[in-house]
Amino acid sequence: MNKIEVCLTPELIHQHDLNGKVVVVVDIFRATSCIVTGLAHGITAIKPVGGVDETLELGRQGFVTAGERGGQKVDGFDMGNSPYEYMDEDLIGRKVAISTTNGSQAVLKSLDADEILVGAFLNLSATAVYLANSGKDVVVHCAGWKGAVNIEDTLYAGALIHWLKDTHTLSGDSAFLASQLYQANASDLLKMAKESSHAHRLAGFGVIKDIAFCVEIDTYDAIIALREDLLVRI
């Protein structure tokens, strides 16, 4: 069987050998949930960007600019970091440049992988089926929060492990912890996710509906992958 390991925070990604493996980057609240939603709703491509200035420059080149710092929209960006913004019909056929506190950075730190996918509860089954058929080892790269571990991304890692139990075996204690967290809360993921510090942070910004949406399972049958430097639906 292939193996699946979990990196609980980008601060630990250097401990994982990504060569020849598929990395699944996850930032449930909210970057990867936004990316999956946008590409499922007709955005052509999304470019993960590290810095604000680079994002703004891409905006001058025709990209829609999106993202946040500290959970709130960056001044000068066209959009913030809510999946509901990514459902706008005016975005169909457009390209988006996204720069966030955690999610876009995690993608850029995974470039040594054989392939990079974007994961969310919203496209859990589609991603799992793709990975099950890949014949490759998997690393779930949790974006966390400013280098720290978070509940919601770890829950997703555990859910993906559960879906891949017939094709991938656990590798490392982080994978075991994620699996245990998911199994203990599988019947009510929203209740557990609401206990996360990031959920409390978002609630303070008045975006409670984002929290519930981001833990919905299989809203979209979409596989999202990095092709060259753009995230696209494959």
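Author: Let's start with accessibility: buried means under 20% relative accessible area, exposed means over 50%, and partly exposed is what lies in between. Keep in mind that this is a predicted model.

Reader: Fine. How does Tyr-84 come out on that scale, buried or exposed or partly exposed?

Author: Tyr-84 has 32% relative accessibility, so it counts as partly exposed. Phe-213, at 6%, counts as buried.

Reader: And how many aromatic pairs does a search of the whole structure find?

Author: Two. For reading them, planes under 30 degrees apart count as stacked, over 60 as edge-to-face, and the rest as tilted. The ring centres of Tyr-84 and Phe-213 are 5.2 Å apart with the planes at 45°, so that pair is tilted. It ties together distant parts of the chain, 129 residues apart: Tyr-84 is in the loop between strand S5 and strand S6, while Phe-213 belongs to helix H9.

Reader: What sits over the ring of Tyr-84?

Author: The charged end of Lys-209, 4.3 Å from the ring centre.

Reader: Which residues form the edge-to-face pair?

Author: Phe-121 and Tyr-156, with 5.6 Å centre to centre and 75° between the planes. This pair also links distant parts of the chain, 35 residues apart, with Phe-121 in the loop between strand S7 and helix H4 and Tyr-156 in helix H5. Both Phe-121 and Tyr-156 are buried.

Reader: Staying with H5, how do its axis and that of helix H6 cross?

Author: Angles of 65 to 115 degrees count as roughly perpendicular. The axes of H5 and H6 come within 7 Å and cross at roughly 90°, so these helices are roughly perpendicular to each other. Among the residues making the contact are Leu-155 and Ile-161 of H5, and Ala-178 and Leu-181 of H6. By class, the contact has nine nonpolar, five polar and no charged residues.

Reader: Now the backbone. Which peptide bond is cis?

Author: As background, most residues other than glycine have a negative phi, and most peptide bonds are trans. Here, the bond from Phe-29 to Arg-30 is cis, with omega near 10°. Arg-30 lies in the loop between strand S2 and helix H1.

Reader: Where is Asp-218 found, and what is its phi?

Author: Asp-218 is in the loop between H9 and strand S10, and its phi is positive, about 60°, although it is not a glycine. With a relative accessible area of 31%, Asp-218 is partly exposed.

Reader: And Glu-228, buried or exposed?

Author: Exposed, at 79% relative accessibility. Glu-228 also has a positive phi, near 60°, and is placed in the loop between S10 and strand S11.

Notes:
Residues numbered from 1 in each chain as written. Predicted model: local features only at pLDDT ≥ 70, side-chain atom pairs only at ≥ 80, totals over all residues. Heavy atoms only, no water. Phe/Tyr/Trp six-rings, centres within 6.5 Å; stacked < 30°, edge-to-face > 60°. Helix = DSSP H or I, 4+ residues; strand = E, 2+ residues; numbered from the N terminus. Buried < 20%, exposed > 50% of the residue type's maximum accessible area, 1.4 Å probe, protein only. Lys NZ or Arg CZ within 6 Å of the ring centre and 35° of its normal. Axes fitted to C-alpha atoms, helices over the stretch in contact; angles between N-to-C directions. Parallel < 35°, antiparallel > 145°, perpendicular 65-115°, else oblique. Contact = heavy atoms within 4.5 Å. Nonpolar A, V, L, I, M, F, W, Y, C, P; charged D, E, K, R; others polar.
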